[in-house]
Amino acid sequence: MSDTRSAELAASLAEVRERIAHACAAAGRDPAEVTLVVVTKTFPADDVARLAALGVVDVGENRHQEAAAKAEALAHLGLRWHFIGRLQRNKARAVAAYADVVHSVDRVELLGPLSSGAMDAGRVVDVLVQVDLDQTGASAGRGGAAPTAVPAIADEAARASGLRLAGVMAVAPLGADPGEAFARLRTIGDAVRAAHPQARWISAGMSGDLDQAVAAGATHLRVGSAILGQRPPLQ
Ligand SMILES: *Cc1c(COP(=O)(O)O)cnc(C)c1O
């Protein structure tokens, strides 16, 4: 697909890649260590196809129905689908049928259905433990496990068939310094990795704070509006 919208997406994608390159240079990191996940939630499948034509491989979605429909419509593109939204237990099995990575595992009870969904589909799903870095503040309730609960969830995830424990994920608390929050996430991620050496991913950083996330060691950035534009407000 090549049209005005493609040109717009190409320009904003190039800007974000440039920001990532600068942040990596400032942090003395190799940009090859950082995966850009383009968050396409609320935007049409055509936009995802345009991004794929521009070389995007990793795309993120936060609602099961929307994600499943896009993954099915675009199955021929060989994209890697990242599920980044709050996950209900009764949807987890279905999500594991198309998601390559689930970033939002925040309780043990999700692991059974994710595992059976992956096994049924004959695939291995990468899972990240989502950490709540702000349990009492303004963004409480956006999902995530209490930091003290993370090791037990990680242990269970590492044991589950069809799942591969890949690391940790968080959203920076609203109105707080994201650099400080991401440093805490990194410490929690280091502890998970000490017990499970393969769990090296740190998913952190969105349009507004990807630079701080790169500085704090993020391996996966989840960037939506800086590439696709403003989403309609949630009602
Ligand atoms: C929507 C969303 C993003 C992307 O946010 P932007 O500010 O648009 O870059 C990242 N992570 C999660 C969990 C999201 O829900």
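Which residue in S6 does Val127 stand opposite? That is where I will start, and please keep in mind that this is a predicted model.

The residue is Leu165. On to the next strand. S6 also pairs with strand S7, residues 201-203, again in the parallel sense, over 3 bridges. One of the bridge partners there is Ser203 in S7, which goes with Met169.

Next, strand S1, residues 35-39, and in particular Val39. Is Val39 buried or exposed? Val39 is buried, because its relative accessible area is 4%, and the cut-off for buried is under 20%. Leaving aside residues up to four places away in sequence, Val39 touches Gly60, Ile84, Arg222, Val223, Gly224 and Leu228. Asn62 is 23 residues from Val39 along the chain, and their C-alpha atoms are separated by 8.5 Å.

Last, the helices. H1, residues 4-27, packs with H2, residues 45-53, at an angle of about 60°, and their axes are 10 Å apart. That angle makes H1 oblique to H2. The crossing of H1 past H2 is right-handed. On the H1 side, Arg5, Ser6 and Leu9 take part, meeting Asp47, Arg50 and Leu51 of H2. Sorted by class, this contact has 3 charged, 2 nonpolar and 1 polar residues.

Note on methods. Residues numbered from 1 in each chain as written. Predicted model: local features only at pLDDT ≥ 70, side-chain atom pairs only at ≥ 80, totals over all residues. Heavy atoms only, no water. Helix = DSSP H or I, 4+ residues; strand = E, 2+ residues; numbered from the N terminus. Buried < 20%, exposed > 50% of the residue type's maximum accessible area, 1.4 Å probe, protein only. Contact = heavy atoms within 4.5 Å. Axes fitted to C-alpha atoms, helices over the stretch in contact; angles between N-to-C directions. Parallel < 35°, antiparallel > 145°, perpendicular 65-115°, else oblique. Left-handed = near helix turned anticlockwise from the far one by under 90°. Nonpolar A, V, L, I, M, F, W, Y, C, P; charged D, E, K, R; others polar. Pairing = 2+ DSSP bridges.
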